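Hi everyone, thanks for coming. I'd like to walk you through the aromatic rings in this one, so let's get it up on the screen.

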Amino acid sequence: EKYVGGIFGRLENSISAKSNYILNIKNLTNEGDITGKEYVGGVLGYIIGNNSNTSYTTKVTFNNLNNTGDITGEFYVGGLIGFGNSDNNESVIENSTSVANITSKAYVGGIAGVLESIGIKGCSNKNSQITATEYKIIDANFYAYVGGYVGNGYFVKDCVNEVDINYDQEGIGVGGIAGILTNGAEGCKNTANIIAPNSQYVGGIAGLIKINSNITYKALENTGKVTSTSYVGGLIGSLEHSVNAKANYSVSIQQSSNSGIITGTEYVGGLIGNVLVDNLNATYVSKLEGITLNNTG
């Protein structure tokens, strides 16, 4: 059973047009329990918004989505959306809420399982419960991608996680806000305990961040306990910024702090467990800049 949602199972807005489009989805509520295997969400199981005319894009916006039904699946499982993709990186889920028990093997989040070029802003997962029981094997790697808001996400802003995550498997990527992010984070706080004693890449905000552009992380805070084996951080387990470009790049972390207790065996940091900032083009450089950072954990 694929593509299962409380309102839409699968929604694709795929066009070829000489103009930009906006797909606006708002004011939807699901109160029923949802069960499927892949691409399972409280409101939408699977959504794609793109313009095959590469000169233009389709922006997807979600506003005031709400779910109170419990969600059960295996992969790509979220309180609101199982899997979402857009070709416009300003696409966003805003002012939306899920209060649910969410159970999956992997790739799971309180708001969404996987989001590609779709951000999360001002949403809530309060009073939810997130359970991941296994991992997904890709190229001999074990991926968990478990997050309080999104398992595999893009950008998150103004979100607070109070939901404890306990993951006892060996998968990579567990975080209070996101298991993995491919863009920025701002104004996010984790107060919950993130316990993944057999995993790697675990953080109070994000387990793993992989980016290849100029980016700023601002006003991030963790007060919860974070426990794992390696690549463990109060904010970020591992931040990896690697490009091959004819330009200088920078990563900036500003006004962020950790007061939680961080436990691991290697690559452990109060703020970040591991940092790789590199420009593979030897003519140019990449740099990491930290402004007003504090660790008291």
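Let me start with tyrosine 143: its relative accessibility is 18%, so this residue counts as buried. By buried I mean under 20% relative accessible area; over 50% is exposed, and in between is partly exposed, using a 1.4 Å probe and protein chains only. Tyrosine 145 is buried too, at 8%.

Quick housekeeping: this is a predicted model, where local features need pLDDT of at least 70 and side-chain atom pairs count only at pLDDT 80 or more, while totals for chains, interfaces and linings use all residues. Residues are numbered from 1 along each chain as its sequence is written, and side-chain values use heavy atoms, with hydrogens and water left out.

Now, how many aromatic pairs does the structure hold? There are 13. Rings of Phe, Tyr and Trp (its six-membered ring) pair if their centres lie within 6.5 Å; planes under 30 degrees apart are stacked, over 60 edge-to-face, and the rest tilted.

Take tyrosine 46 and phenylalanine 83: the ring centres are 5.2 Å apart and the planes sit at 15°, so that's a stacked pair. Both residues are buried. Back to tyrosine 143 and tyrosine 145: their centres are 5.2 Å apart, but the planes are at 45°, so this pair is tilted.

Those four belong to one aromatic cluster, along with Tyr3, Tyr39, Tyr76 and Tyr107.

Last bit, charges over rings (NZ of Lys or CZ of Arg within 6 Å of the ring centre and within 35 degrees of the ring normal). Arginine 10 lies over the face of tyrosine 3, 4.6 Å from the ring centre. Lysine 136 does likewise with phenylalanine 75, at 4.3 Å.
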